[in-house]
Amino acid sequence: MYRTALVELLYQLADDDFILAYRGSEWLGLAPHIEEDVAFSSINQDMMGHAAMFYQLLEDLGEGDVDDLSHSRKTNERKNGVLLERVNGPGHYLGKHEFDWAYTVVRHYFYTQFKKVRMDSLKTSSYQPLADVAVKVRMEIYYHLLHWKTWFLQLMQSNSDSRGRMEKAVQRVWDDVDSLLCYGPNGDDIVKAGLIEAEDKLLQRWKHFLTPVFEAVHLSIPEKLKPAAASGREGVHTKDLEEALAVLSEVYYMDTTASW
Amino acid sequence: MNEEMILKALHKVKDPEIDSISIVDLGMVETIKEEENRLIIELLPTFMGCPALDIISENVKKQIISLHLYHHIDIQFIHTPPWTSNRITERGREQLKSFGIAPPPAQLSESGDWEVSCPYCGSQYTAIENLFGPTACRSILYCKSCKNPFEAMKPISTLM
């Protein structure tokens with residue numbers, strides 16, 4: 001039972017970072033300005049590195065090869081929160097698109113703050129290799145969090161156009177955020193195994209960190225979160241994920257035996 | 001085990017992206033040990049997503065093979081203890097400067113702000129342009145005194 005719970009949690013951690021790092025990388029060359037392009041690429045690279053570490057922990061447990069775990073698993077085997085798979089906006093990065101920067105800022109800020117809370121808790125995980133990785137990830141996301149918080153505050157306090165777009169984005173992210181905060185059907189086992197603290201504890205801590213930032217921009221945090229439309233933790237996903245996986249695995253499938 | 005020779009060989013392995021500093025002075029070498037005729041070298045990655053890790057590992061192997069002391073060499077990246085920027089040696093800090101990269105601030109101030117001296121003129125009158133630079137471990141700054149853009153190694157600490 002311990003192993004099942006552990007593997008379940010590791011898939012959630014790995015898949016979360018993997019898909020959001022991909023969504024971030026779709027902004028390459030399209031970010032609002034050149035400095036942001038540099039910063040965002042660096043953040044995506046870090047996040048992909050974190051995903052690789054979590055997949056490595058799974059490989060160490062006999063779940064398969066890291067490249068297969070990241071590229072070949074079907075949509076219904078993926079455990080990421082649905083929030084993280086949503087497209088950046090309509091269109092495709094190679095052609096016509098209307099990517100939404102406000103949505104990206106809000107989603108990354110919410111996620112990074114949650115990741116911080118999650119890593120804080122994992123530092124005392126009963127699975128030592130996971131606790132070790134959490135210490136390392138925690139140090140790196142210090143800069144990510146600073147980055148997204150700065151964008152969040154600035155766009156919230158800019159002109160009315162910017163404020164309007166941000167409020168809309170916040171609403172969209174609230175609608176999905178439950179998909180990120182839950183541990184899925186094996187949640188009780190995961191907590192009982194001492195792998196991470198309970199969902200509501202993390203939720204409270206996460207809200208606690210968001211509160212001063214929300215107060216500074218005169219926004220309130222909803223008391224209750226809307227239940228997620230699809231449970232990514234159970235392998236239920238949107239078409240967005242299916243399309244993303246097809247694109248990001250295209251090169252891998254050209255020759256799965258190629259060495260990199 | 002001839003640790004002196006091994007260390008000397010490791011000093012020849014430079015950061016692929018900053019060729020003035022060795023992986024030893026960067027603080028990446030954690031342990032060198034011998035087990036049943038096998039040399040095991042444990043390295044700490046600076047950042048987890050660093051794409052230079054494979055190159056570093058290959059270069060370490062090449063240097064050790066050239067010593068003709070070991071047939072079996074095992075290079076491992078480990079995460080405990082985590083690499084932190086205060087592992088960079090005094091010599092390493094000087095070598096970074098000679099490359100035009102400011103060494104990381106030795107200690108983070110309480111407010112979290114850093115004070116970085118310009119690697120060219122030594123002025124403290126510098127500004128951060130971008131926390132993120134061309135590689136995961138570097139930031140982009142500007143010296144208001146000598147008007148040079150420069151890079152700095154990011155401070156990384158378990159206290160963050």
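Guide: Welcome! In this predicted model, H4(A) packs against helix H5 (residues 128-156) of chain A at an angle of about 150 degrees, with the axes 8 Å apart.

Visitor: Is their crossing left-handed or right-handed, and what kinds of residues make the contact?

Guide: H4(A) passes H5(A) in a left-handed crossing. The contact of H4(A) with H5(A) has 16 nonpolar, four polar and five charged residues.

Visitor: Which way does H4(A) pass H8(A), and which residues make the contact?

Guide: The crossing of H4(A) with H8(A) is right-handed. H4(A) brings Gln113(A), Phe114(A), Val117(A), Arg118(A) and Ser121(A), while H8(A) brings Leu202(A), Arg205(A), Trp206(A), Phe209(A) and Leu210(A). By class, that makes six nonpolar, two polar and two charged residues.

Visitor: Now to chain B. What makes S3(B) and S5(B) edge strands?

Guide: The open sheet of three strands in chain B has the order S3-S4-S5, with mixed pairing. Strand S3 (29-35) and strand S5 (72-77) each pair on one side only, so they count as its edges. From one strand to the next, the twist averages 15 degrees.

Visitor: How do you know that S4(B) and S5(B) pair?

Guide: Two strands pair if there are at least two bridges between them. Strand S4 (residues 38-43) of chain B has six bridges to S5(B), and the two run parallel. As an example, Ile40(B) has Asp74(B) in S5(B) as its bridge partner.

Visitor: Which helix lies across S4 and S5 of chain B?

Guide: That is helix H2 (residues 53-65) of chain B, running at about 155 degrees to S5(B).

Visitor: And how many residues does each chain give to the contact between A and B?

Guide: Chain B gives 17 residues and chain A gives 21. On the chain B side, eight are nonpolar, seven polar and two charged.

Terms used: Residues numbered from 1 in each chain as written. Chains lettered and ligands numbered in written order. Predicted model: local features only at pLDDT ≥ 70, side-chain atom pairs only at ≥ 80, totals over all residues. Left-handed = near helix turned anticlockwise from the far one by under 90°. Helix = DSSP H or I, 4+ residues; strand = E, 2+ residues; numbered from the N terminus. Contact = placed C-beta atoms within 7 Å. Nonpolar A, V, L, I, M, F, W, Y, C, P; charged D, E, K, R; others polar. Axes fitted to C-alpha atoms, helices over the stretch in contact; angles between N-to-C directions.
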